[in-house]
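Have the sequence and the coordinates open side by side.

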Amino acid sequence: MAAQPFDVIVVGAGIMGSCAAHAAASRGARVLLLERFDLLHHRGSSHGESRTIRATYPQPHYPPMVRLARRLWDDAQRDAGYAVLTPTPHVDFGPKDDPALVAAVANGGATELAAGECGARPKWAEVFKLPEGWTAARSELGGVMKATKAVAMFQALAVKMGAVVRDRAEVVDVARTQGDGKIVVRISSGEEFHGAKCIITVGAWTSKLVKSVTGADLPVQPLHTLICYWKVKPGHEHELTTEAGFPTFASYGDTYIYSTPSMEYPGLIKIAMHGGPPCDPDGRDWAIGTGEGGLVEPVARWIDEVMPGHVDTAGGPVLRQPCMYSMTPDEDFVIDFLGGAEFGQDVVVGAGFSGHGFKMGPAVGRILAEMALDGEAGTAEEAGVDLRHFRIGRFEGNPMGNTRSF
């Protein structure tokens, strides 16, 4: 296949790359989307049954991006003609004086649940037995996204708008041609593709690719994490479903716990912890047994303390699904031009989404596409999204970047 000129070549077809391809194609750009594995594979961070959306963040720079993303989710679902996002309430728990929780509630516009009067509290609030000194705050911007279905939706919309999608196309080099100055992307088969701009969204493989292309070290560390589904106790199955109005939730404290309502597997509920040990995306231990107690036992203890009457922890989770995070030292994203004398503003990187980026995929994709095509992200500015927090340069002389203590 002869090299073809494209306006934008997107490397990596997870949620971010698929959204970027869709955003660029929607503007009439000639787009090529390349994926190293099969489309909709399970080897990265964009697969699975569910992800949550919430605007309650301790960092004030995320709620505007979440709200922008929520509008773009609606636009994409309208264009596709089907839904991938089920709206729910969202609730945050934790010690009343936890600084991160206090900041998240304030930044996300959440409302503390009233104690005492039954009329002021939703029925689902009775499911939780909060420890002494804890509080709960509710926000209406919540929901559950069908992850793999969502990625497929954005890929289909991109193709409908003229994008070309290729899988089993591992990118091994990105360079600039000596003649016309175009960006040339070479895949492992030896094929080369030429384009005016390139967007790199390869998740856990970002550091490896950037290192091989530029020699620079981008601090994006892959982590192995575990998604756990637990058995709902008999008689309570309906209470914990989206149909019953049960919320997504997050629990602050020593361990950050998150959950989606019982939805994808009837009678089971997804409750898991944020984080995990470092891993090599090309040499993962796929075992989901005894070695992962550190990702299971804290969740079981939390369930036994906070939801003892509704979720059964005996025997551990019914289902365990391995996944990966691409973690930066400060857990903030990387959204920036690759820069340097060779690439300048012609190569854009989106990476380090640190286990909480999926919900913002449409917003990130729009921003990446605008940066590639326009050299700036007008939509981000209009939505009040401050991209300074996501620059690569924040790690220069400061390996912890934006890390702050709440």
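A polar contact is a pair of N or O atoms within 3.5 Å; within protein, one must be able to donate a hydrogen and the other to accept it, and residues adjacent in sequence count only if both atoms are side-chain atoms. Keep that rule in mind for K270, where a polar atom of the side chain lies 2.8 Å from the backbone oxygen of S50.

Some ground rules come before the rest. This is a predicted model, in which local features need pLDDT of at least 70 and side-chain atom pairs count only at pLDDT 80 or more, while totals for chains, interfaces and linings use all residues. Residues are numbered from 1 along each chain as its sequence is written, and side-chain values use heavy atoms, with hydrogens and water left out.

Stay with K270. This residue is found in strand β14, residues 268–273. Helices (H or I, at least four residues) and strands (E, at least two) are DSSP runs, numbered from the N terminus. Buried means under 20% relative accessible area, exposed means over 50%, and partly exposed lies in between (1.4 Å probe, protein chains only). Lys and Arg count as positive, Asp and Glu as negative; His and the chain ends are not counted. A salt bridge needs a side-chain nitrogen of Lys or Arg within 4 Å of a carboxyl oxygen of Asp or Glu. K270 is buried yet has no salt bridge. Which side chain of opposite charge is nearest to K270? It is E264, 5.1 Å away. Contact means heavy atoms within 4.5 Å. Leaving aside neighbours within four places in sequence, K270 is in contact with S50, I227, C228, Y229, Y258, S259, T260 and E264.

Q321 lies in strand β16, residues 319–327. At 23% relative accessibility, Q321 counts as partly exposed. With neighbours within four places set aside, the contacts of Q321 are T225, L226, I227, Y229 and Y265. The side chains of Q321 and Y265 are joined by a polar contact of 3.2 Å. Q321 and C228 are 93 residues apart in sequence, but 6.6 Å apart in space, C-alpha to C-alpha.

Next, go to the start of the chain. Strand β1 spans residues 5–11 and is mostly covered, with five of its seven residues buried. Two strands pair if DSSP finds at least two bridges between them. β1 pairs in the parallel sense with strand β10 (residues 192–200) over six bridges. Here V11 stands opposite I200. β1 also pairs in the parallel sense with strand β2 (residues 31–34), over four bridges. There I9 stands opposite L32.

Now the helix. α2 runs over residues 63–80 and has 18 residues. From its first C-alpha to its last it reaches 25 Å, close to the 26 Å expected at 1.5 Å a residue. The expected span is 1.5 Å times one less than the number of residues. Buried residues in α2 include M65, L68, A69, L72, W73 and A76. An α-helix has 3.6 residues a turn, so residues three or four places apart point the same way. Just after α2, G81 takes a positive phi of about 85 degrees.

Turn to the charged pairs. Side chains of opposite charge can pair when their charged atoms come close. The count comes to 19 salt bridges. One of them joins E140 and R138 at 2.8 Å, N to O. E140 is exposed at 56% relative accessible area, and R138 is partly exposed at 24%. Another joins D282 and K208 at 2.7 Å, N to O. That pair links distant parts of the chain: D282 is in the loop between β14 and α6 (293–306), K208 is in helix α5 (residues 206–214), and the two are 74 residues apart. D282 is partly exposed at 44% relative accessibility, and K208 is partly exposed at 40%. D217 and K211 also meet in a salt bridge, at 3.0 Å, N to O. Salt bridges that share partners join R36, E170, K208, D280 and D282 into one network.

End at F337, in strand β17, residues 334–337. F337 counts as buried, with 16% relative accessibility. Apart from neighbours within four places in sequence, F337 is in contact with G344, Q345, V347, V348, M371, G375 and I392. F337 and M16 are 321 residues apart along the chain, and their C-alpha atoms are separated by 16 Å.
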